[in-house]
Amino acid sequence: MSATARKTAPNAQDIRARKGGEPLVSLTAYTTPMARLMDDHCDFVLVGDSVGMVLHGLTSTLGVTMEMMILHGQAVARGLDNAMMIVDMPFASYEHSPADAFRNAARLMAETGAGAVKLEGGVEMADTIRFLVQRGIPVMAHIGLTPQSINTLGGYKVQGRDDQGQTVLADAHAVTAAGAFAVVLEKVPQGLADRITAEIAIPTIGIGASAGCDGQILVVDDMVGFFTAFKPKFVKRYAELGQQAEAAIAEYAAEVRARSFPASEHVFADQAPVKGPKT
């Protein structure tokens with residue numbers, strides 16, 4: 001490959017073809033600078049509706065709108081060259097009918113340049129997934145803990161223990177049969193995640209599931225320590241950037257109050273410097 005050649009971002013079929021191969025790597029992104037940082041390291045980047053909690057201070061994902069997803073999707077797209085971009089469909093944008101789901105998914109893809117959308121739900125969303133896929137919208141499914149359904153699930157609880165396991169397993173088979181190219185397994189027991197991964201023909205993307213999944217995803221602000229309101233069990237903190245940022249802000253504030261910032265090297269002289277003759 002020449003030094004000027006640019007890698008082509010994978011598409012939905014490329015992601016699907018990675019089933020059983022090298023694990024897929026993914027993170028969420030909501031801004032251009034963060035997307036640039038992960039572009040060379042992730043196979044796909046998810047513009048997650050977690051943006052509502054991480055950047056907008058909402059208590060859940062339920063208040064996230066189409067306009068918010070489009071705005072952040074456009075920002076992330078500007079930072080990506082190598083990774084595929086997938087955008088979450090927000091709450092109430094796809095549940096009412098397959099036709100509504102298609103209209104909103106098509107808008108998300110057209111206005112952001114996303115390569116696919118992600119929606120939550122299993123058996124009950126299979127017909128919608130099928131409807132979208134048949135009309136050219138690649139769909140990543142999301143089962144197990146589905147944050148948009150926390151009011152009916154009773155909170156952010158592990159899904160799939162005991163008798164619930166068959167329900168989650170049925171969801172996995174349903175979204176596969178409907179044509180999803182991959183499925184996120186969130187907060188399901190390790191053994192169930194491994195069984196699903198072995199039984200279905202599409203990649204499983206774990207978040208609080210199992211290292212045996214075909215890939216992993218985390219919310220980037222959780223992983224680097226920017227979001228500190230709470231820390232889920234499944235999150236590993238690879239950095240504490242929030243603490244470092246707060247320390248830097250405190251140092252800046254102290255220097256401003258002491259009038260030690262700005263220093264002479266940060267301000268401009270009354271007269272422009274005289275340039276010497278060229279040699």
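Which residues in α4 meet which residues in α5? Hi everyone, let me start there. On the α4 side we have Met66, Glu67, Met69, Ile70, Gly73, Gln74 and Ala77, and on the α5 side Asn104, Arg107, Leu108, Glu111 and Thr112. Sorted by class, that contact between α4 and α5 has 5 nonpolar, 4 polar and 3 charged residues. Please keep in mind throughout that this is a predicted model.

Let me step back to the whole chain for a moment. There are 279 residues, and 48% of them count as buried. The secondary structure comes to 11 helices and 8 strands. If you draw a box along the principal axes, the C-alpha atoms fill roughly 75 × 45 × 35 Å. And here is a number about the fold: take the contacts between residues at least 6 apart in sequence, and 60% of those join residues at least 24 apart.

Back to our helices. Helix α4 covers residues 66–77, and its axis is 9 Å from that of α5, with a packing angle of about 30°. Angles under 35 degrees count as roughly parallel, so α4 is roughly parallel to α5. The crossing of these two is right-handed.

There is another helix pair to show you. Helix α8, residues 164–178, and helix α9, residues 190–199, have axes that come within 10 Å and cross at roughly 30°. That angle makes α8 roughly parallel to α9. Their crossing is right-handed too. From α8, the contact uses Gly165, Gln166, Val168, Leu169, Ala172 and His173, while α9 brings Leu192, Arg195, Ile196 and Glu199. By class, the residues in this contact are 5 nonpolar, 3 polar and 2 charged.

Leu185 sits in strand β6, residues 182–186. Is Leu185 buried or exposed? Its relative accessible area is 0%, so Leu185 is buried. For a sense of distance, look from Leu185 over to Gln244: they are 59 residues apart in sequence, and their C-alpha atoms are 32 Å apart in space.

Lys118 is in strand β4, residues 116–120. The cut-off for buried is under 20% relative accessible area, so Lys118, at 3%, counts as buried. What does the side chain of Lys118 pair with? The partner is Asp88, through a polar contact of 2.8 Å between the two side chains. Setting aside residues within four places in sequence, the contacts of Lys118 are Leu46, Ile86, Val87, Asp88, Met89, Met140, Ala141, His142 and Val184.

You'll find Gln148 in the loop between β5, residues 139–144, and α7, residues 150–153. Its relative accessible area is 6%, so Gln148 is buried. The side chain of Gln148 has a polar contact of 2.7 Å with the side chain of Asp49, and another, of 2.8 Å, with that of Tyr94. Leaving out residues up to four places away, Gln148 touches Asp49, Thr61, Leu62, Met89, Pro90, Phe91, Tyr94, Glu95 and Glu120. If you compare the two lists, Met89 is in contact with Lys118 and also with Gln148.

Last stop: a few backbone details. Ala92 lies in the loop between β3, residues 84–88, and α5, residues 98–112. Its phi is near 75°, a positive value in a residue other than glycine. With a relative accessible area of 60%, Ala92 is exposed.

Arg259 also has a positive phi, near 60°, and it is likewise not a glycine. Arg259 is in the segment after α11, and at 75% relative accessible area it is exposed.

Pro262 is found in the segment after α11 as well, with that helix spanning 241–257. What is the form of the peptide bond from Phe261 to Pro262? That bond is cis, with omega near 0°.

Notes: Residues numbered from 1 in each chain as written. Predicted model: local features only at pLDDT ≥ 70, side-chain atom pairs only at ≥ 80, totals over all residues. Heavy atoms only, no water. Helix = DSSP H or I, 4+ residues; strand = E, 2+ residues; numbered from the N terminus. Buried < 20%, exposed > 50% of the residue type's maximum accessible area, 1.4 Å probe, protein only. Polar contact = N/O pair within 3.5 Å; in protein donor to acceptor, adjacent residues only side chain to side chain. Contact = heavy atoms within 4.5 Å. Axes fitted to C-alpha atoms, helices over the stretch in contact; angles between N-to-C directions. Parallel < 35°, antiparallel > 145°, perpendicular 65-115°, else oblique. Left-handed = near helix turned anticlockwise from the far one by under 90°. Nonpolar A, V, L, I, M, F, W, Y, C, P; charged D, E, K, R; others polar.
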